[in-house]
Amino acid sequence: MLSSLMKERVLFVGLAAAILAYATEHSLLEMGRLPLLVAAFALVVAIILVSTRIAHHAEILASKVGDPYGTMILTLAAVLVEVVVLAIMMQGETSPTLVRDTIYAAVMLDINGILGLTALLGGIRHGEQPYNDDSGKTYGVMILTAMGISMVVPEFVPRESWHLYSAFTIGAMIALYGVFLRMQVGPHSYFFSYAYPRAERKEGLPSKAPDENEPATFSIIVIVLGVVLIGALAEVMSVLLGVGLKGSGAPPALMAVVVAAISAAPEILTALRAALANRMQSVVNIAMGASLSTVILTVPVMEAIALYTGQPFVMAMTPVQTVMVMITLIAAAINLNDGETNAIEGMTHFILFATFIMLTMIGL
């Protein structure tokens with residue numbers, strides 16, 4: 001038991017950071033912008049470190065149940081972190097577009113960043129990497145439908161009818177995810193799995209997660225405690241970051257990118273390991289599954305909060321965001337259509353990710 005607790009020293013570091021942050025919050029707010037931003041950055045690092053432990057224990061649970069349940073656990077853990085951070089940050093004086101910008105940034109990070117980087121590096125190392133093309137097609141059409149309903153159509157909904165459409169969106173997302181979940185773990189579960197040849201698996205990393213022999217109960221407890229700790233850290237981080245960026249001329253969507261990066265950080269490491277081990281199916285499930293889960297689970301939670309508070313969020317994407325999402329999904333539909341990825345396909349998505357970063361830097 002003591003050895004298991006020692007492995008979770010990152011959680012103790014996060015706890016110490018939270019205690020220190022709460023004790024010095026008022027003193028920090030009286031300081032200049034630089035100390036505020038440094039402290040906020042330190043808390044972001046602490047949140048990412050804690051989230052890596054959540055992802056690690058989600059991996060342990062995933063290895064116990066196998067695909068497609070495994071990747072579903074991984075993506076749900078990441079979305080849970082994102083929803084907690086978003087909900088905490090929305091309590092302060094934040095932009096009404098924070099939810100929209102965070103979901104948009106998460107999709108860009110997951111599809112263009114994670115999938116692009118892993119397909120590029122994996123392609124350079126292994127050449128063409130196989131996966132089940134049914135999974136890419138299914139994820140793509142689900143993401144397109146979910147984003148269209150929740151983040152394109154709202155542009156045309158009259159303001160006086162926002163609450164009705166929000167309620168409809170919640171129902172639509174729940175229905176979509178319910179059917180998708182039934183398909184993913186039911187009769188169409190083979191869409192999301194791939195039988196790798198034994199020779200290829202030997203060349204890669206071990207298929208079992210480290211510490212897989214640890215009891216599932218311990219992993220569940222760590223995940224729950226980690227999420228609570230992230231909520232505590234995010235509360236102070238959002239205040240410090242908001243005050244520090246106020247009047248600094250920083251891009252409006254920077255906070256959204258920070259939230260998206262926090263939830264995507266553990267997924268990047270997991271996906272990179274899978275790509276370098278020639279397990280592209282896991283990469284597709286993580287990158288596309290995380291994008292879908294971000295939209296289809298974050299939207300109803302945040303819309304429910306909007307209905308409860310009576311304050312609607314701006315969910316309709318800007319024209320630039322809509323164009324970037326359309327290009328991304330069209331590129332993904334073409335690249336994920338033949339059951340094999342390569343470095344060229346990875347490079348196309350990675351260039352789209354670089355474009356997203358550039359547009360964010362110039363305020364678009």
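L98 touches L86, M89, M90, M255 and A256, leaving aside residues up to four places away in sequence. The model is predicted. L98 sits in helix α5, which covers residues 98-126. Its relative accessibility is 5%, so L98 counts as buried.

Now the helix pair. Helix α2 (residues 9-29) packs with helix α9 (residues 216-245) at an angle of about 25°, and their axes are 10 Å apart. That angle makes α2 roughly parallel to α9. The crossing of α2 past α9 is left-handed. Residues of α2 in this contact include L11, A18 and L29; those of α9 include V222, L233 and V243. The contact residues divide into 16 nonpolar, two polar and two charged.

Next, the aromatic rings. The whole structure holds six aromatic pairs. Two of them are set out here.

| Pair | Geometry | Centre to centre | Angle between planes |
|---|---|---|---|
| Y177 and F180 | tilted | 6.3 Å | 35° |
| F350 and F353 | tilted | 6.1 Å | 35° |

Y177 and F180 lie in helix α7 (residues 162-185), three residues apart, about one turn of the helix. Both are buried. F350 and F353 lie in helix α13 (residues 343-361), also three residues apart. Are these two buried or partly exposed? F350 is partly exposed, with a relative accessible area of 29%. F353 has 16% relative accessibility, under the 20% limit, so F353 counts as buried. Ring pairs also link F350 and F353 with Y104 and F356 into a cluster.

Methods: Residues numbered from 1 in each chain as written. Predicted model: local features only at pLDDT ≥ 70, side-chain atom pairs only at ≥ 80, totals over all residues. Heavy atoms only, no water. Helix = DSSP H or I, 4+ residues; strand = E, 2+ residues; numbered from the N terminus. Buried < 20%, exposed > 50% of the residue type's maximum accessible area, 1.4 Å probe, protein only. Contact = heavy atoms within 4.5 Å. Axes fitted to C-alpha atoms, helices over the stretch in contact; angles between N-to-C directions. Parallel < 35°, antiparallel > 145°, perpendicular 65-115°, else oblique. Left-handed = near helix turned anticlockwise from the far one by under 90°. Nonpolar A, V, L, I, M, F, W, Y, C, P; charged D, E, K, R; others polar. Phe/Tyr/Trp six-rings, centres within 6.5 Å; stacked < 30°, edge-to-face > 60°.
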